[in-house]
Amino acid sequence: MGKVTYVAADGAATTVDVADGENVMRGALYNDVEGIIGECGGGLACATCHCYVDDAWAAQLGTPASKDEDELIDSASAERRATSRLSCQIVMDPAYDGLVVHMPETQY
Amino acid sequence: MAIDVLNPKPPVFQRVAGMDQIPPHVPKELVHSAGITFGPDFLKAPHAFMAEMHGKYPPLYYDVSPYGNAWVAIKHEDALHILRNAEVFSNEGATPFPRDPDDYFYFIPQEIEPPMHRKYRNIVDQVFSPQGVLALESQMRVLANELIDDIIEKGECDFTESFARPFPVTIFLRLMGLPVEMTDTFVEWAVALLHSNERQIMADTLKTISVYLKGAIEEKKANPDDGVVSRIAHAQIDGRPMSDKEIFGFVAFLFIGGLDTVFATLNNIWLWLAQNPDRRAEMMAAPENINAQLEELLRVHSVTFSGRTVTRDFELRGVQLKAGDKITCILPACNFDPEVFPNPTVVDFHRPKKIVLAFTVGVHSCMGAHLARLEAKVAIQEWLKRIPEFSVKPGTEIVYRPGGVIGPHHLPLVW
């Protein structure tokens with residue numbers, strides 16, 4: 001279990017517990033955090049769980065984990081930035097306790 | 001539209017059908033009758049037909065048919081817009097199965113909009129998530145091999161009956177906790193509901209299915225197990241048990257959704273595999289690329305459509321839509337949109353990753369997508385391992401089924 005803070009585009013932050021092994025997209029859905037949609041359910045098929053990993057975590061988590069994730073981020077509605085990730089591909093681990101992700105203005 | 005999940009009511013919008021029921025706001029030049037799912041040109045080669053719609057029809061037009069008039073969207077971009085804008089394009093009443101107005105129920109979660117929609121999805125998402133379905137992978141591989149054992153020595157089979165039907169349906173019924181030995185009966189019901197194009201047959205079949213499922217639900221209430229029907233029957237929502245109509249509408253929707261779509265998908269893919277030995281060899285030579293191969297095969301062989309009801313007057317692509325209009329996204333056509341997939345009819349296993357509309361998008365994105373993908377992947381891998389060389393039986397004429405899930409009736413193979 002670790003804490004993940006989701007920062008909305010307007011700056012409002014929500015911190016929730018996310019179980020180890022669970023992904024950051026589901027952490028938002030299960031806790032009613034708005035701003036992450038994840039319409040495909042984590043299948044690397046929709047680009048609606050787009051987030052920007054906070055600069056403090058960029059070294060560990062700021063780079064897409066696969067070529068598919070990297071390419072699919074280009075289909076996201078909001079602009080791509082240096083630490084753009086699909087949050088379904090960030091799997092919680094004790095080492096990520098305290099992770100901060102920023103959410104784009106829109107997923108559509 | 002706000003609906004009360006505990007007091008299901010039929011939608012106020014009525015269906016219209018035929019040339020004499022074209023609403024006055026529809027411009028004449030946008031009226032066409034493409035015959036999608038039933039016309040002879042469509043049935044001859046449905047996917048080629050839908051690929052050719054770009055260029056033949058306006059990107060958004062009004063389709064008139066004896067089975068129902070609706071706006072038709074064929075652009076990838078428009079489908080994303082429509083399917084991701086549930087406030088304007090509602091799913092209420094979008095499921096075409098006729099129900100008794102005096103004993104109405106909603107198909108759940110299909111006809112429920114956010115935020116309630118998410119609460120229903122949370123009940124089953126663990127089972128159907130990418131991680132959840134992995135628990136089924138080893139039994140899928142065993143089943144695939146058992147089915148192949150039965151036919152491999154014969155050197156031929158009707159793929160639809162010997163593999164495409166029993167493989168996904170068995171997995172699905174086990175997952176639901178429903179009796180696998182009733183496969184044939186369930187499939188007959190699904191076919192009558194999805195392919196008859198006759199509202200009376202659809203209504204009668206839905207009644208038959210209802211009686212059966214209501215009995216099965218009562219049985220699970222009394223004797224819980226780890227199947228999905230039992231999970232739904234015992235689930236809480238908003239801190240309360242679900243009503244009988246919610247449980248039924250949820251189970252009935254999964255039941256209808258689980259019996260026919262992977263079947264049709266496998267038939268379409270195997271027809272292509274049988275006709276393209278060099279591409280099959282290419283796939284076998286690059287087993288590490290199976291996910292991309294499958295996604296590309298799903299793109300060009302998508303089997304279904306997404307219909308919505310327009311809830312308020314809205315302008316799309318310069319066309320005025322009015323509240324109450326129906327609109328259908330032709331998902332297979334959207335997957336051939338040349339603006340998103342250049343040379344769209346070419347099967348290319350190295351395309352950049354894009355949003356493929358095989359399982360629709362938006363909140364109503366198919367919850368069985370991960371199950372379906374894994375089934376198709378396992379089926380391709382196990383089959384090609386044991387029957388790498390096969391072709392369509394000489395002299396076969398491929399005939400497609402009319403109706404809302406596109407695939408051939410029969411697919412005789414030889415090896």
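Visitor: How many residue pairs are in polar contact across the interface of chain A and chain B?
Guide: Across that interface seven residue pairs are in polar contact, both partners being at pLDDT 80 or more, and it should be kept in mind that this is a predicted model. On the side of chain A that touches chain B, the elements giving two or more residues are helix H1 (24-30) and helix H3 (67-73) of chain A. By class, that side of chain A has eight nonpolar, six polar and four charged residues.

Visitor: And what area do chain A and chain B bury between them?
Guide: The two chains bury about 1600 Å² between them, with 47% of it on carbon and sulfur atoms. A:Tyr30, A:Glu39 and A:Tyr108 supply 30% of the area that chain A buries against chain B, which is more than any other three residues. In terms of contacts, 18 residues of chain A meet 18 residues of chain B.

Visitor: How many salt bridges are there between chain A and chain B?
Guide: The count between these chains is two, while the structure holds 37 salt bridges over all chains. In one between the chains, A:Glu39 pairs with B:Arg84, with the closest N and O atoms 2.7 Å apart. This pair crosses from the loop between H1 and S3 of chain A, where A:Glu39 sits, to the loop between helix H3 (76-83) and strand S4 (89-90) of chain B, where B:Arg84 sits.

Visitor: Are A:Glu39 and B:Arg84 buried or exposed?
Guide: Both A:Glu39 and B:Arg84 are buried.

Visitor: What about A:Arg26, which side chain does it meet in a salt bridge?
Guide: A:Arg26 meets the side chain of B:Asp125, at 3.5 Å from N to O.

Visitor: Okay, now within chain A: which side chain meets A:Lys67 in a salt bridge?
Guide: That would be A:Glu71, at 3.4 Å from N to O.

Visitor: Switching topic, why is helix H8 of chain B described as largely enclosed?
Guide: Helix H8 (residues 166-176) of chain B is largely enclosed by the rest of the structure because 10 of its 11 residues are buried. The buried ones include B:Pro166, B:Phe167, B:Ile171, B:Phe172 and B:Met176. The helix is followed by B:Gly177, whose phi is positive, near 85°.

Visitor: What is B:Phe167 in contact with?
Guide: Leaving aside neighbours within four places in sequence, B:Phe167 is in contact with B:Met140, B:Leu143, B:Ala144, B:Leu147, B:Leu266, B:Glu375, B:Val378 and B:Ala379. B:Phe167 is also among the residues with the most contacts inside the largest nonpolar core, which has 122 residues, and B:Met53, B:Phe159, B:Phe250, B:Trp270 and B:Trp383 are the others named there. Apart from that core lies another, of 54 residues, among them A:Cys51, B:Ala73, B:Ile82 and B:Leu316.

Visitor: Where does B:Asn69 lie?
Guide: B:Asn69 lies in the loop between strand S2 (60-63) and strand S3 (70-73) of chain B, and at 3% relative accessibility B:Asn69 counts as buried. A polar atom of its side chain lies 2.9 Å from the backbone nitrogen of B:Gly18, and a polar atom of the B:Asn69 side chain lies 3.4 Å from the backbone oxygen of B:Gln21. Not counting residues up to four places away in sequence, B:Asn69 also touches others, including B:Ile22, B:Tyr62 and B:Lys326.

Visitor: Last one: is A:Trp57 buried or exposed?
Guide: A:Trp57 counts as buried, at 12% relative accessibility, and its place is in the loop between strand S3 (50-53) and helix H2 (58-61) of chain A. Beyond four places in sequence, the contacts of A:Trp57 include A:Gly62, A:Tyr96, A:Asp97 and A:Leu99.

Note on methods
Residues numbered from 1 in each chain as written. Chains lettered and ligands numbered in written order. Predicted model: local features only at pLDDT ≥ 70, side-chain atom pairs only at ≥ 80, totals over all residues. Heavy atoms only, no water. Contact = heavy atoms within 4.5 Å. Buried area = accessible area lost by both parts, 1.4 Å probe. Salt bridge = Lys/Arg side-chain N within 4 Å of Asp/Glu carboxyl O. Polar contact = N/O pair within 3.5 Å; in protein donor to acceptor, adjacent residues only side chain to side chain. Helix = DSSP H or I, 4+ residues; strand = E, 2+ residues; numbered from the N terminus. Nonpolar A, V, L, I, M, F, W, Y, C, P; charged D, E, K, R; others polar. Buried < 20%, exposed > 50% of the residue type's maximum accessible area, 1.4 Å probe, protein only. Core = buried A, V, L, I, M, F, W, Y, C linked by side-chain atoms within 4.5 Å.
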